[in-house]
Amino acid sequence: MRPKNTQTVVDIMARECLGNQVRMLNRVVTGIYEGELRPLGLTVSQMVVLALAAKHAQVRAAEICRWLQIDASTLSRNIERMRANGWIEKAAASDQRSRPFQLTAAGDKLLQDATLAWERAQAAATELLGSEAVAMIKTVTRNVTRSRSGE
């Protein structure tokens, strides 16, 4: 049997753990986007990589990992699938060790096709969370990203 104060902490952990709450929110919001993008054969993670590649014309995996705060193995799996689907390709570069990639014509078309699905998902997520919460999430994300990158 646990001491009473330990049980109280366990109850608080189960109810208030920020890690769990953020993960739950992530699953719910990601599910909205995945539901809209699924008919295109695209995941929200892949869509973001396509958008970053389109924005920057050529991009290195290390840059995307830094921008999205993800590890290289997670990104590598997505890049391989996207390359196999013909959505991205290696770009010409002088440094072959960290060769950038770029969108293919098929990847650009897919990204254009995904625009309406993304807009629907964005509207649904905003409606679910409320505009104040969305603004707060953007602020918190920006602040956390800055603090982690040393800005």
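These legends accompany close-up views of a predicted model.

**View 1. The largest pocket and its centre.** The largest pocket holds about 2,000 Å³ of space. Its lining counts 43 residues. Asn26, Val29, Thr30, Ile137 and Thr141 are the lining residues nearest the centre of the largest pocket.

**View 2. Helices and residue classes around the largest pocket.** Six elements each give at least two residues to the lining: α2 (18–37), α3 (44–56), α4 (61–68), α5 (72–84), α6 (105–129) and α7 (131–149). Nonpolar residues number 23 in this lining. Another 13 are polar, and seven are charged.

**View 3. The second largest pocket.** This pocket has a volume of about 200 Å³. It is lined by 13 residues. Nearest its centre lie Ala61, Ile79, Arg83, Arg99 and Phe101. Both α4 and α5 supply at least two lining residues each. The largest share, six residues, belongs to α5. By class, the lining of the second largest pocket splits into six nonpolar, two polar and five charged residues.

**View 4. Gly41 in the loop between α2 and α3****.** Gly41 has a relative accessibility of 47%. Beyond its neighbours within four places in sequence, Gly41 is in contact with Gln46 and Trp87. Asn85 sits 44 residues away from Gly41 along the chain. The C-alpha atoms of Gly41 and Asn85 are 9.8 Å apart.

Methods:
Residues are numbered from 1 along each chain as its sequence is written. This is a predicted model: local features need pLDDT of at least 70, side-chain atom pairs count only at pLDDT 80 or more; totals for chains, interfaces and linings use all residues. Side-chain values use heavy atoms; hydrogens and water are left out. On a 1 Å grid over the protein atoms alone, a cavity is a set of points where a 1.4 Å probe fits but cannot get out, and a pocket is an open set with protein on both sides within 12 Å along at least five of seven lines; lining residues have an atom within 4 Å of a point. Grid points are joined across faces, edges and corners, and a volume is the space filled by probe spheres set on the points. Helices (H or I, at least four residues) and strands (E, at least two) are DSSP runs, numbered from the N terminus. Ala, Val, Leu, Ile, Met, Phe, Trp, Tyr, Cys and Pro count as nonpolar, Asp, Glu, Lys and Arg as charged, and the others, Gly among them, as polar. Buried means under 20% relative accessible area, exposed over 50%, partly exposed in between (1.4 Å probe, protein chains only). Contact means heavy atoms within 4.5 Å.
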